[in-house]
Amino acid sequence: MREKTFSALGLILSLISILFLFSITISLLIHGWSRLISPSFYASFPSRFPEQAGILSAWVGTVYVMLGAIFWSVLIGVPAGIYLEEYADRSSKIARIIEANISNLAAVPSIIYGLLALGIFVYRFNLGESILTAGLTLGLLMVPVIVVTTRESIRRIPRSIREAAYALGATKWETLFHHIIPYSLGGILTGVIISISRAIGETAPLITIGALTYIAFLPPAPWQDFIGMLKSPFTVLPIQMFNWVSRPQAEFHTNAAAAGFVLLVFALAFNALAFYLRYKLRKKYAW
Amino acid sequence: MGLCPFNKKGVKKSLLSRLSFDIKKKLDTVFHLFFFIMAFITVVVTFLIVFALILDAIKFFTHEEAGGFPKSLIRFFTETQWTPTFFNKQIGIWPLVCGTFLIAVIAGVISIPLGLLIAAYLSEFASFKTREFIKPWLDFMEAVPTVVYGYFALLVVTPILQKFFSLFGIEMEGMNALSPGIVIGFMILPFTASMVEDAFRGVPAYLREASYALGADKVTTFFKVVLPAARSGVLAAYLLGISRALGETMVVAVAAGMYPNLTFNPLEPVQTITGYIVQVALGDLPFNSFEYLSIFAAGMFLFILNLFFNLLAVHFKSKVKGY
């Protein structure tokens, strides 16, 4: 009897927290509905008039910034994970320092990354308040997650695969590029997608580097002017939403709800994709 | 199903594999170096963070507006108002610290008991199917952008709380500590619950079985055997959860107000360290101005607080017994 009561309590509490997620989604949907269904919302710039304001510059900015973030986080995170799993000697001091450091970085509040970006990237490296700085900052924020998932998926590959490769005369990098990386690619991809779903809603570090909230132009297309794109000022969806939420007029709150819903859909879609991939991979590799 | 998901022909014909053994060995060193450098960059990032914070915090404490080095530090810890952006500059950190902890405590009050019960349910009582159903939803909750939680706190939770308190004739302000505190509590709940659950799962089955063999039911076993055995892990999970709540930014920036307030009343507006950084960063600040430097001093304080909680968590985690 006690067991049943306790079990029921646990179930109810779990459902309440899930209900919390649903009530957020539904309240965004209801409040933002009138803007969500209007196509001009997605195709117009922010404006003083709430009914004309849109998220064009915000979602374009989000796409550019996220592409930059993916580039930096994969460039640093995947090799770092490979190093710790395949090269580092577990007992060596440097490997242990790197390991402890990464788990510590994962717990650093995102706004501290914003201060790093403001103090170092913006003013000391002179990268400015640009898409490049934003991508780099979010990229660094994503690194710990990617390192951890890279390591996990590499660790799942049995030793025998490596030994078979070495026995056939393969060097270490051949083993890595022909076997280890291809087999762990799915797991790495899952990690990247999860970290995208976290970083896409990151607001605080981008506010500190000075993302603008009113941008009535698009950055130059990268295939025309790549450097100009990197140096361009920007805004992103969460910042646009924050700007609208903090205004007193209720009409802007409708816009905020609509922008929030778009953001939520992106974040949850990436999360669901990662979930699906993980499920698929669990079936594919059963060693 | 073959183990190799890509075609073997591609590998054999690739240019790299036709290289002489000498070059291959040299490439080995090159790649080793590349991987090491990338791993080492993560350490450099930590150094850059500390460097950025310390450098500008030093400039803040030696700034004439703060009153020069030793005096500024005394003012930092003794004054009771935080107004570096005003004409009359006071630099006592306590109002911000107070707001930060007030909200973290409210979040803890929500997420500590709920996290414990949900984790206990998922690890000890739930069937495999229910668990597999609930876990992904908790994952989803972690992916919700924090600014969305902020919106929810300001425009949904606060009005509900205001109506609730007005039943008792208590006036609650539109900006307050309670509403973001509650929302942050739910926000960190999936994180705490899954960490606590991991701690419970680390307790070996034979301890539970021994308890069942002595005639204890599942509830007794949980409270008398599993929970005590997992206490270090549980404590570590809570410390990490609180450290997350301390550093949480957007919910408080939206819903807690912009007024550094030395109060323990959750119905009043408060400002956290993170909220202050956002407020100042929103205005366009000249590099090296006193206001600009003040966010680094505040950020440094937050970083130290956060580091303290994280190290404490690591300490408790290291005490987890390997059975």
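## Where chain A meets chain B

In this predicted model, 70 residues of chain A are in contact with 74 residues of chain B.

## Two helices crossing

Now zoom in on one pair: α1(A) packs with helix α6 of chain B (residues 146–166) at an angle of about 75°, and their axes are 11 Å apart. That angle makes α1(A) roughly perpendicular to α6(B), because angles of 65 to 115 degrees count that way.

Which residues make the contact? From α1(A) come Ile24(A), Ser27(A) and Leu28(A), while α6(B) brings Val148(B), Phe152(B) and Val156(B). Sorted by class, this contact has five nonpolar residues, one polar residue and no charged residues.

## Two asparagines with positive phi

Next, a look at the loops. Asn126(A) isn't a glycine, yet its phi is positive, near 55°. You can find Asn126(A) in chain A, in the loop between α5 (110–122) and α6 (131–155). Is Asn126(A) buried or exposed? With 7 other C-beta atoms within 10 Å, Asn126(A) is exposed, since 12 or fewer counts as exposed.

Over in chain B, Asn288(B) also isn't a glycine and has a positive phi of about 70°. Its spot is the loop between α12 (273–282) and α13 (290–318) of chain B. Asn288(B) has 11 other C-beta atoms within 10 Å, so Asn288(B) is exposed.

Conventions
Residues numbered from 1 in each chain as written. Chains lettered and ligands numbered in written order. Predicted model: local features only at pLDDT ≥ 70, side-chain atom pairs only at ≥ 80, totals over all residues. Contact = placed C-beta atoms within 7 Å. Axes fitted to C-alpha atoms, helices over the stretch in contact; angles between N-to-C directions. Helix = DSSP H or I, 4+ residues; strand = E, 2+ residues; numbered from the N terminus. Parallel < 35°, antiparallel > 145°, perpendicular 65-115°, else oblique. Nonpolar A, V, L, I, M, F, W, Y, C, P; charged D, E, K, R; others polar. Buried ≥ 20, exposed ≤ 12 C-beta atoms within 10 Å, placed from the backbone.
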